[in-house]
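Here's a quick tour of one protein structure, with an eye on its ring pairs and one of its helices. Have a look at it first, then read on.

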Amino acid sequence: MLAVTSQIIAIYPNLYGYLKAFHLIAVICWFAGLFYLPRLFVYHAMTTNPVSRSQFKIMEHKLFWYIMTPSGIIAVALGEILAHFFSFSGLWLHIKVALVGTLIIYHIYCFKLMDDFAKDCNQKSHKWFRLFNEYPILVLILCVILVIIKPIFY
């Protein structure tokens, strides 16, 4: 694997930088959606206006399918490529991958919540959605610390 990676880097010396840049761009777009969709859920849960509800359904759908999901897929795929081909390792990476796994579950659960709103059967309060909205922030903080510091665990 190392020989293949060395050959790729020899042919495309800036490949690692480009992959990392596009990974980071995709992560930023994914997190924008992970932050904003639950915020839309807060406002959607608070409204009683049918026109507003209809508009929220459209906004949620477009955000989920046109921004969040593609950027999440690209972020995960590029992260896997970077880790695999550039031989990242260590407990910090395993923890980060586990945290990303929880974000994927969170993303899928957002789909379920969006579907509940689309079917007009949401049972959760705007306060619940406010709390639900905090999880990606915690994961973001932990992932950034893990990637920048790469702590060694004893």
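A search of the whole structure turns up 15 aromatic pairs. To count as a pair, rings of Phe, Tyr and Trp (its six-membered ring) need centres within 6.5 Å; planes under 30 degrees apart are stacked, over 60 edge-to-face, and the rest tilted. Keep in mind that this is a predicted model: local features need pLDDT of at least 70 and side-chain atom pairs count only at pLDDT 80 or more, while totals for chains, interfaces and linings use all residues. Residues are numbered from 1 along each chain as its sequence is written, and side-chain values use heavy atoms, leaving out hydrogens and water.

**Ring pairs**

- Phe64 and Trp65 make an edge-to-face pair, 4.9 Å centre to centre with 80 degrees between the planes.
- Phe64 is buried, with a relative accessible area of 3%, and Trp65 is partly exposed at 37%; buried means under 20% relative accessible area, exposed over 50%, and partly exposed in between (1.4 Å probe, protein chains only).
- Phe117 and Phe129 form a tilted pair, with ring centres 5.4 Å apart and planes at 35 degrees.
- Phe117 sits in helix 4 and Phe129 in helix 5, so this pair ties together parts that are 12 residues apart in sequence. Helices here are DSSP runs (H or I, at least four residues), numbered from the N terminus.

**Charges over rings**

- Lys124 lies over the face of Trp128, 4.7 Å from the ring centre. The rule here is NZ of Lys or CZ of Arg within 6 Å of the ring centre and within 35 degrees of the ring normal.
- The charged end of Lys150 sits over the ring of Trp92, 5.0 Å from its centre.
- Lys150 also follows helix 6, and its phi is positive, near 45 degrees.

**Helix 6**

- Helix 6 (residues 135–149) has 15 residues and reaches 21 Å from its first C-alpha to its last, close to the 21 Å expected at 1.5 Å a residue; that expected span is 1.5 Å times one less than the number of residues.
- Pro136, Val139, Cys143 and Leu146 are its buried residues. They cover an arc of only 95 degrees around the axis, which puts them on the same side of helix 6 (the arc uses directions from the helix axis to the C-beta atoms).
- The face turned away from that buried side carries the exposed Leu138, Ile148 and Ile149.

Terms used
Helices (H or I, at least four residues) and strands (E, at least two) are DSSP runs, numbered from the N terminus.
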